[in-house]
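Welcome, and please get your viewer ready. We will go from stop to stop, selecting a few residues at a time and looking at what is there.

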Amino acid sequence: MKKFIIKNILFLIVLGAIISGSEYLVPYYWGTPHLVLKMNYYKKHKDEFNTLFIGSSHIFRDISPSVFDEFTNTNTHSFNLGVGAMCTLETYAFYENFLKKDISPNVKYVIMELAPIYRLPPKDEDSAGDLNFPSTTVQSARVKYYLNFPVFMFVVNYFKTGMDIYPNEEEEVIKEYTSAYIEKLFKVGMLKDMVMFNFQPAESSESQKEILGRYNDGFYSMDELTSKSVSDCVECRIKTAEEIDMNIKDAKAAYMQNQTLEANRVQLEMINKLIEQSRKKGIYLIFHLPPMSDYKLMLPIFDRIDVRHKLDLANPMEYPEFYEMDVHWDTLHFNLKGAKLFTKKLAEKFNRLVLKNSDDKKNTTS
Amino acid sequence: MLFNSIEFAIFVPIVFILYWFVTSHNLKLQNVLLIVASYFYYAWWDWRFLSLLIFNSFVGYTIGIALSKQDDPKKRKWLLFTNILISIGLLGYFKYYNFFVESFVDAFSFFGYKLNARTLNIILPIGISFYTFQILSYAIDVYRRKFEPTRDIISFFAYTSFFPVLLAGPIERPGNLLSQLYVKRKFDYDKAVDGMRQILWGLFKKMVIADNCARYVNDIFNNYGDYSGSTLLLGAILFAVQIYGDFSGYSDMAIGTARLFGINLMRNFAFPFFSKSIAEFWRRWHISLSSWLFDYLYTPITINRRNWGIMSVHFSLFVTFVVIGLWHGANWTFIVFGILQGLWLSLDVITRKSRKRLKKIVPAIIYDNISMLITFSFFSFSMIFFKANNIQTAIHYISRLSSASFISKSQILSAKLILGILIFIFIEWIQRDKQHALQIENIKVPSIVRWGIYYSIILVIIMFGSTQQEFIYFRF
């Protein structure tokens with residue numbers, strides 16, 4: 001009996017080690033299928049691009065590289081690596097791996113979305129439609145791809161700072177992430193996708209167009225994706241208008257520094273670390289605060305980021321045009337008209353930032 | 001909790017530890033633990049019908065006691081009849097009430113009469129088809145004086161509720177399972193290890209073979225109007241493989257689990273796809289059910305009607321297989337499935353002599369392979385009725401299958417799946433003389449190689465397995 005139990009325990013330990021270590025035996029997996037597709041395209045054409053956009057659908061659907069390149073003064077050739085529902089943790093983990101893999105020979109600029117870190121979505125949620133794998137038994141499948149130990153410790157420390165983001169629920173949130181981390185450790189619901197992605201047939205050209213965009217620059221606006229928009233439905237219009245108004249109110253209050261939270265120092269440290277890591281690779285990392293953000297949470301952090309590494313296009317007092325109904329596909333996303341407008345303004349602001357930075361450098365060296 | 005679930009993976013070790021470390025010194029306590037664990041297991045599914053299981057068990061136990069005190073043949077018959085009436089009555093109510101009402105109404109409307117009979121919203125208690133037969137086999141064996149009636153209520157209730165077999169068999173006999181519950185079990189290392197192997201193989205069959213076939217089968221059968229004949233043929237074949245993987249996989253897990261507790265269950269599947277005749281097939285497929293009906297239905301009818309000569313055999317076969325069909329579910333498709341089996345078996349009886357002569361002429365390798373192919377083909381064909389929602393659908397499916405598009409490339413062809421199935425069949429072929437395909441204790445390989453095989457199978461299950469499909473036989 002003892003022999004039976006000991007052998008079983010040993011068997012399970014070895015099995016756990018094999019499964020846990022399996023990720024080192026397969027090529028690195030970039031995570032969600034859309035990101036894999038974009039990264040595969042980028043890697044094939046990496047010599048062409050010197051500017052990248054990274055973040056969620058605020059990037060994917062709202063920033064047009066072709067428009068950006070048209071209005072910048074620095075001869076950018078950009079690619080949009082934004083992916084729907086890409087949360088902040090995923091963005092940071094993705095970017096760190098991106099830097100480690102050394103696949104950015106010509107990249108000079110990276111513009112990254114600044115966003116809060118939220119709790120995990122419910123276990124049955126597929127997270128923004130058809131972007132993800134079926135959920136596993138315990139936690140949302142997507143989170144496990146990037147939840148390695150450093151990222152796990154980062155998120156634990158982030159919530160331990162006692163932010164008001166989830167009052168009295170920090171322990172619950174940490175438990176959720178811990179559970180997801182254990183699942184990631186033993187590749188629960190992950191192993192097949194990790195190994196098989198290398199053998200997947202290529203996406204159809206139609207599917208590729210929806211991810212890589214019309215011009216293979218990674219941008220595909222919401223109204224190109226679907227024929228419906230907020231303007232098609234009266235209730236949607238009213239709801240969106242109300243939400244935008246609310247957002248403007250929040251933004252104004254936040255910008256006037258009346259109603260903000262403290263800056264989360266853990267996130268701030270991570271941002272500074274990414275800036276430094278980028279600098280060592282010769283990349284100029286810029287964080288941008290998109291419109292319709294969670295201003296209360298993000299402004300305190302945004303304010304504390306080095307002025308050379310941030311772009312603010314979220315202030316409704318400075319950019320009221322981004323809060324007009326006719327540029328919105330829904331509350332959170334621009335339509336094609338809005339994306340073009342936004343990107344143009346982003347490019348203009350980018351130009352001023354880069355110019356100022358280069359002037360400051362000249363002044364410093366002289 | 002499904003056998004291939006995390007809950008079950010936690011449940012079994014807990015019961016295992018309590019069984020061997022806490023209760024092993026006391027047989028009664030050990031059996032009580034089995035009862036508690038089994039009722040917990042059943043209640044996890046649906047606690048509402050736990051009382052039905054307990055009631056059925058109580059009826060079986062009480063009738064057994066009454067039979068032990070009764071020598072009058074007529075009264076003994078009445079006691080048995082009472083047990084059958086209650087058990088089959090309950091089974092009939094929960095499983096067949098709506099079917100019979102609807103069939104009754106349809107039959108009358110066929111003749112132009114409209115009846116206003118009401119169907120009821122009846123939920124089928126899980127496992128009822130299995131434990132009812134298990135309890136009945138006790139009553140019948142006691143009636144026939146093949147088995148001594150028991151006064152050990154704890155052992156009896158452990159017999160009727162033993163969790164590995166409770167929901168989907170094998171349908172055990174008192175001579176096997178109950179007898180083992182009378183005696184103290186000793187932990188046998190080799191038996192336990194082989195039980196683990198059998199569980200692993202069962203998991204592989206269910207999660208990799210059956211569940212991957214299911215994705216294609218469901219698509220083909222749900223959209224058969226859109227597919228070519230060759231695709232529909234593929235669908236029928238894949239369904240046969242699916243149901244084998246599903247049910248035999250479950251049986252392997254049940255038998256393997258029981259062996260961890262020192263209990264040997266009866267074999268339920270003996271590599272049926274290698275059968276060279278339909279008669280042989282039914283000696284290898286769902287053995288616990290076919291042998292149950294053979295012992296308690298076929299044989300008594302044959303003996304009772306022996307003055308009919310060979311017709312008694314055909315009649316018994318027909319009745320037995322109609323019951324087999326009906327046992328599977330309350331639908332005419334299952335009855336047709338059963339009738340087809342019965343007819344094919346009758347044909348088997350009629351052609352036995354001529355096939356024997358043919359076997360002497362044709363080289364064995366050709367004869368055997370063609371026989372296996374014919375048997376498998378027939379079974380796959382009959383499974384169309386098993387899978388279809390109604391007779392009309394089955395007939396439409398068959399007519400589309402036999403259309404001109406039969407000779408065309410299948411519209412759905414997964415090379416990975418076909419390769420996987422072929423490898424699976426090859427492994428089962430090599431191990432066809434064993435109790436299960438992973439019985440390798442007699443093969444002299446180093447432990448590291450054995451563990452390598454286990455890990456490989458586990459990784460295949462993780463990589464290619466699916467947890468999305470329920471066990472088909474849970475519906476019965």
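Glu96(A) is buried, with a relative accessible area of 15%. Here buried means under 20% relative accessible area, exposed means over 50%, and partly exposed is in between, with a 1.4 Å probe and protein chains only. Before we go on, note that this is a predicted model, in which local features need pLDDT of at least 70 and side-chain atom pairs count only at pLDDT 80 or more, while totals for chains, interfaces and linings use all residues. Residues are numbered from 1 along each chain as its sequence is written, chains are lettered from A and ligands numbered from 1 in the order in which they are written, and side-chain values use heavy atoms, with hydrogens and water left out.

Glu96(A) and Lys273(A) form a salt bridge, with the closest N and O atoms 3.0 Å apart. The term stands for a side-chain nitrogen of Lys or Arg within 4 Å of a carboxyl oxygen of Asp or Glu. This pair links distant parts of the chain, 177 residues apart: Glu96(A) is in helix 5 (residues 88–100) of chain A and Lys273(A) in helix 12 (residues 265–280) of chain A. Helices (H or I, at least four residues) and strands (E, at least two) are DSSP runs, numbered from the N terminus. Lys273(A) counts as partly exposed, at 39% relative accessibility.

While chain A is on screen, select Ala85(A). Its phi is positive, about 60 degrees, although Ala85(A) is not a glycine. Look for Ala85(A) in the loop between strand 2 (78–80) and helix 5 of chain A; at 27% relative accessibility, Ala85(A) counts as partly exposed.

How many salt bridges does a search of the whole structure find over all chains? The search gives 20.

Select Asp295(B) and Arg173(B), whose closest N and O atoms are 2.9 Å apart in a salt bridge. Asp295(B) lies in helix 12 (residues 287–304) of chain B and Arg173(B) in the loop between helix 7 (163–166) and helix 8 (174–181) of chain B, so the pair ties together parts that are 122 residues apart in sequence. Asp295(B) is partly exposed at 25% relative accessibility, whereas Arg173(B) is buried at 13%.

Next, highlight Asp194(B), Arg197(B) and Arg259(B), which are joined into one network by salt bridges that share partners.

Stay in the loop between helix 7 and helix 8 of chain B, and pick out Pro170(B). A cis peptide bond joins Gly169(B) and Pro170(B), with omega about 5 degrees.

Then move to Asp71(B) and Arg145(B), whose side chains meet in a salt bridge (3.6 Å, N to O). Are these two residues buried or exposed? Both Asp71(B) and Arg145(B) are exposed, with Arg145(B) at 52% relative accessibility. Check the backbone too: phi of Arg145(B) is near 65 degrees, a positive value in a residue other than glycine. Arg145(B) lies in the loop between helix 5 and helix 6 of chain B.

## Aromatic pairs

Over all chains, a search of the whole structure finds 90 aromatic pairs. Rings of Phe, Tyr and Trp (its six-membered ring) pair if their centres lie within 6.5 Å; planes under 30 degrees apart count as stacked, over 60 as edge-to-face and the rest as tilted.

Select Phe221(B) and Phe239(B): the ring centres are 6.1 Å apart and the planes are at 55 degrees, so the pair is tilted. Phe221(B) lies in helix 9 (residues 189–222) of chain B and Phe239(B) in helix 10 (residues 229–260) of chain B, so the pair ties together parts that are 18 residues apart in sequence. Phe221(B) counts as buried at 9% relative accessibility, and Phe239(B) counts as buried at 3%.

For an edge-to-face pair, go to Phe381(B) and Phe385(B), at 6.3 Å centre to centre with 75 degrees between the planes. Both lie in helix 16 (residues 364–387) of chain B, four residues apart, about one turn of the helix. Phe381(B) is partly exposed at 34% relative accessibility, whereas Phe385(B) is buried at 8%.
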